Amino acid sequence: KDSAPVGPQKRKVGAGKAPTQVTKESVPLSHAQVVGFPQDVLTASVKAEKKYRAADQAVVEAEDRRNDYETYIFTLRDRVSSKKGQLIEYTSPEELEQLSKDLEEAESWTYEHPEEEASTYAKRLKALKKAEDESAKRKANWDTVEERSKMLKASIRKYKATANSTIYEYIAKEKLDTITTECDSNTQWLADLEKKQAGLKKWDTPLISASELLVRNSTLTQNSTKVLSEPRPKPPEAEKKDDKNKKGEADKGKEDAGPTANGSDGEAAGDKAKPKRRVWLERIGWVLFALPGVAILTGLGEPYGYPSPLSWVSFGGDGDPDDAAVGLEAPEPLDEGDASELR
């Protein structure tokens with residue numbers, strides 16, 4: 001075999017009178033190092049970027065908390081100066097005076113510390129809100145006491161009236177008296193505390209406990225329900241049997257009762273002994289039985305071939321009523337001579 005040629009090779013390309021000569025040469029290639037940062041440098045750069053972003057975010061959050069703090073200072077100052085509203089009603093004058101001083105100090109502090117952290121502004125805002133939060137708690141406590149006092153009074157009226165009602169007369173009086181006694185006891189307890197509590201201010205703690213009111217109302221309801229839920233006693237079995245026997249004997253006597261030897265008195269007694277329904281049925285039967293005869297007597301049966309016997313009696317005839325009707329024909333007219341004689 002011939003060895004492969006070395007160096008540039010020349011060959012002709014194309015066909016024709018003027019072929020093109022092409023030269024092919026081998027080009028050497030080698031790997032080069034890519035320009036850039038090492039991995040450790042890139043990692044440190046990413047950490048630094050995150051740190052810068054966190055710092056920027058902290059600055060923005062601190063500005064927001066500072067704005068919230070300043071806004072609340074101005075809002076709370078307006079509420080204090082308005083002399084009305086929940087804060088004024090449920091906060092003592094001494095507390096309002098101290099709150100005004102705290103607001104002045106807080107405003108001065110914001111001007112002196114414009115670049116504090118967000119957590120610092122948040123803590124100071126929470127401390128400044130204590131006065132208003134306390135007034136809201138006092139209002140909620142007074143409202144709860146008032147509402148539960150109304151609930152207890154309503155339960156007292158309800159169960160006391162129920163215990164004195166005639167519906168529950170079957171329950172022993174001693175048991176019903178326990179309900180009345182408990183109602184009176186709760187009424188006296190509530191009246192005494194309300195009298196003492198009338199002199200308190202809204203920022204004072206009420207003498208009546210909301211939890212105590214709830215417990216008393218629940219206890220009264222439970223005890224009253226237990227007494228009033230006693231079932232109504234059933235009638236004794238002996239009384240039921242006696243009533244059934246008496247009723248059966250009475251019904252039997254009414255059915256067996258009939259006319260006696262005393263004539264009309266016996267019949268009247270028999271009628272009284274009969275049940276009302278049976279008496280009425282007998283009366284209706286007699287009326288239906290006599291109705292056709294009455295119709296014939298009154299002449300309602302003549303169109304159907306049943307003449308009334310009364311028509312015969314009225315004409316004095318014993319035969320056909322048509323014969324008696326002959327005498328009812330009009331008389332013939334008189335001659336002039338007969339008429340003059342009559343005159």
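Modeller: Happy to. Start with burial: a residue is buried when its relative accessible area is under 20%, exposed when it is over 50%, and partly exposed in between, using a 1.4 Å probe and protein chains only. At 11% relative accessibility, W109 counts as buried.

Colleague: And what should I keep in mind about the model itself?

Modeller: This is a predicted model, where local features need pLDDT of at least 70 and side-chain atom pairs count only at pLDDT 80 or more, while totals for chains, interfaces and linings use all residues. Residues are numbered from 1 along each chain as its sequence is written, and side-chain values use heavy atoms, with hydrogens and water left out.

Colleague: How many helices and strands are in the chain?

Modeller: First, how they're assigned: helices (H or I, at least four residues) and strands (E, at least two) are DSSP runs, numbered from the N terminus. Here the chain has 13 helices and 2 strands.

Colleague: What share of the residues is buried?

Modeller: Of the 343 residues in the chain, 19% are buried. As for surface, accessible areas come from the Shrake-Rupley method with a 1.4 Å probe, and for residues only the protein chains shown count as cover. The chain exposes about 27,200 Å², with carbon and sulfur atoms supplying 55% of that.

Colleague: Okay, on to aromatic rings. How do I read a pair?

Modeller: A pair of aromatic rings is described by how far apart the centres are and by the angle between the planes. Rings of Phe, Tyr and Trp (its six-membered ring) pair if their centres lie within 6.5 Å; planes under 30 degrees apart are stacked, over 60 edge-to-face, and the rest tilted. This structure holds 4 aromatic pairs. In one of them, the rings of Y69 and Y121 have centres 6.5 Å apart and planes at 45°, so that pair is tilted. Y69 lies in helix α1 and Y121 in helix α4 (residues 118-128), so the pair ties together parts that are 52 residues apart in sequence.

Colleague: Are Y69 and Y121 buried or exposed?

Modeller: Y69 is buried at 1% relative accessibility, and Y121 is buried at 1% as well. Y121 also pairs with W109: their ring centres are 5.7 Å apart and the planes are at 75°, so this pair is edge-to-face. W109 sits in helix α3 (residues 93-112) and Y121 in helix α4, 12 residues apart, and the pair links distant parts of the chain. Through ring pairs, Y69, W109 and Y121 form a cluster.

Colleague: What about salt bridges?

Modeller: Side chains of opposite charge can pair when their charged atoms come close. The cut-off is a side-chain nitrogen of Lys or Arg within 4 Å of a carboxyl oxygen of Asp or Glu. The whole structure has 15 salt bridges. Take R66 and E70, whose side chains meet at 3.2 Å, N to O. They are 4 residues apart in helix α1, which means about one helical turn separates them. Both R66 and E70 are buried.

Colleague: Which salt bridge links two helices?

Modeller: E105 bridges to R124, with the closest N and O atoms 3.2 Å apart. E105 is in helix α3 and R124 in helix α4, 19 residues apart. E105 is partly exposed at 43% relative accessibility, and R124 is partly exposed at 24%.

Colleague: What does a network of salt bridges look like?

Modeller: Look at R138 and E134, which form a salt bridge at 3.6 Å, N to O. Both lie in helix α5 (residues 130-163), 4 residues apart, about one turn of the helix. R138 is buried at 16% relative accessibility, whereas E134 is partly exposed at 36%. Salt bridges that share partners join E95, E134 and R138 into one network.
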